[in-house]
Amino acid sequence: QVQLVESGGGLVQGGGSLRLSCTASGTIFSINAMGWYRQAPGKQRELVAVISSRGSTDYADSVKGRFTVSRDNAKNTVYLQMNSLKPEDTAVYYCNSNIVDRWYADGMDYWGKGTLVTVSS
């Protein structure tokens with residue numbers, strides 16, 4: 001069984017910074033893409049940033065230049081550095097990882113329970 005546990009959310013003033021972390025644990029053979037999604041009240045969940053196993057990254061247009069995704073493969077951890085935060089960044093942020101749990105198996109998507117980020121104006 002695989003678990004993803006996020007940390008680092010909280011309340012911050014507009015213009016401030018936060019760093020989210022997400023660590024995968026359990027039966028892990030390898031990890032493919034890792035990323036972050038968010039869901040604001042009354043809105044659909046959206047992709048924020050994703051990083052491949054080789055380090056290629058992609059971002060939502062709304063966060064480009066402000067957010068940076070990175071990963072530490074030795075720690076099975078993905079990070080999201082969020083700078084110049086805006087009130088519209090307020091949401092529950094979810095970690096997502098595509099994880100292979102044994103040799104020759106297909107990867108499966110796993111989700112964390114989410115961490116709340118609130119940006120005040």
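The largest nonpolar core of this predicted model has 30 residues, and Trp36, Leu80, Met82 and Tyr93 have the most contacts inside it. A nonpolar core here is a set of buried Ala, Val, Leu, Ile, Met, Phe, Trp, Tyr and Cys residues joined through side-chain atoms within 4.5 Å. Strands (DSSP runs of E, at least two residues, numbered from the N terminus) that each supply at least two residues of this core include β1 (2–7), β3, β4 (30–39) and β9. In soluble globular proteins, nonpolar side chains tend to be buried together.

Met82 is in contact (heavy atoms within 4.5 Å) with residues including Leu18, Leu20, Phe67, Tyr93 and Val117, leaving aside neighbours within four places in sequence.

Buried means under 20% relative accessible area, exposed over 50%, and partly exposed in between (1.4 Å probe, protein chains only).

Ser97 touches Leu4, Ile31, Ala33, Met34, Met108, Asp109 and Tyr110, not counting residues up to four places away in sequence. Beyond its neighbours within four places in sequence, Thr23 is in contact with Gln3, Leu4, Val5, Lys75, Asn76 and Thr77. The side chains of Thr23 and Thr77 are joined by a polar contact of 2.9 Å, meaning a pair of N or O atoms within 3.5 Å; within protein, one must be able to donate a hydrogen and the other to accept it, and residues adjacent in sequence count only if both atoms are side-chain atoms.

Residues are numbered from 1 along each chain as its sequence is written, and side-chain values use heavy atoms, leaving out hydrogens and water. Because the model is predicted, local features need pLDDT of at least 70 and side-chain atom pairs count only at pLDDT 80 or more, while totals for chains, interfaces and linings use all residues.

Definitions and conventions: Helices (H or I, at least four residues) and strands (E, at least two) are DSSP runs, numbered from the N terminus.
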